[in-house]
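Have a look at the structure, then read on.

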Amino acid sequence: MKNIIIAAGGTGGHINAALSLGEYAKSQGYNIVFFSGKRHLDYKLFENEDVLHIDAKPLRTKNPVKLFINITLNIITFIKLYFEIIKINPVFVIGCGGYVCGPTLLAAWLNFKKVFVVEQNAIAGLTNKLLSKISEKNFVAFKNTKGIEKNVFVSGNPIRSEIKYQEIIKPQNNINILVFGGSLGASQINDIVLRYAKEKKDNVHIRHQVGKDNIKKIDIDNYEQLEYLDNIAEDYAWANIIISRAGASTVTELELIQKPVIFIPYPNAVDNHQEYNAKSMQETSNFCVHILNQKLNSDNLYSELIKAIDDIVSSEKYLPSEVKKPINANEVIIKEIQKICMV
């Protein structure tokens, strides 16, 4: 059986893209070895996989001492990975995002292995900008992805097979609102949604993913807090309205689900890429998409949230104008790589 390495770490978006690609690649007869980091989600989401956890560090910092330390640690990690890749002998290596992709893809490239980058955001991060120079093909989700100019292939984003479009039915009585702020939660979203939960109408039900260590004992009717959305496909099916950040994988999943969404992009995202992700989707969407100004103070952001929810409910904007057929990015990416690698 032919081995391939898929590297990803740090966020649920990067990791779920890697898991999704790995799932499809397995169905094509490959043996998958995942390379990831040592953060909470790196362990949680890869716990049932063949995974090597490595100590990779970020290079985007203004502290020269920290930068020097991180470069040194990455060099040590790189040397270990160089020999690990010789041992595994992959037919190709894919990077799906995160610090771990830097030393992994560089070590593979210096081992004369073909490497590929999957960039999920509308603005490429520093690691992928650098890796795109050595990548055989750079797979992007958005047509006008900034920061990657060489060997670009628009593939869409890999998403999990269990997430599928389901026929949408207008709510008759209760309105279900699904809220999540990324895999680790988001205090900005948590605060205004909790305020809304206390003031909402009786027919509004809220399922709220608040993130690790943010669960609170709150006695509010029809309001549920969760640490992590373990059954996201079921949650999407349940929801009539979705409130979320605008990470690349989330945007891609919601583009497939085609239900009304209210984006609150992460205000501290590198290069403000979440706002670009949301705007790229809004420009091409066939359903209701609101983008709130993430830089507003809590009171003003709360007011904007109320307006967006009221607009959807009062105008009954629950259905897409037409159902779009999704692209299977997993199949597109693996087949394109097979053409290049002849494996």
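Helix 1, helix 8 (248-257), helix 9 (273-284) and helix 11 (329-341) each put at least two residues into the lining of the second largest pocket. Helices (H or I, at least four residues) and strands (E, at least two) are DSSP runs, numbered from the N terminus. It's a predicted model, where local features need pLDDT of at least 70, side-chain atom pairs count only at pLDDT 80 or more, and totals for chains, interfaces and linings use all residues. Residues are numbered from 1 along each chain as its sequence is written, and side-chain values use heavy atoms, leaving out hydrogens and water.

**The pocket**
- Helix 9 gives the largest share of the lining of the second largest pocket, six residues.
- The lining divides into 14 nonpolar, 14 polar and 10 charged residues (Ala, Val, Leu, Ile, Met, Phe, Trp, Tyr, Cys and Pro are nonpolar, Asp, Glu, Lys and Arg charged, and the others, Gly among them, polar).

- Seven strands form an open sheet in the order 3-2-1-4-5-6-7, with parallel pairing (two strands pair if DSSP finds at least two bridges between them).
- At the edges sit strand 3 (51-53) and strand 7 (152-154), each pairing on one side only.
- Strand 4 (residues 92-95) and strand 5 (residues 115-119) pair in the parallel sense over three bridges, and Ile94 stands opposite Phe116 in strand 5.
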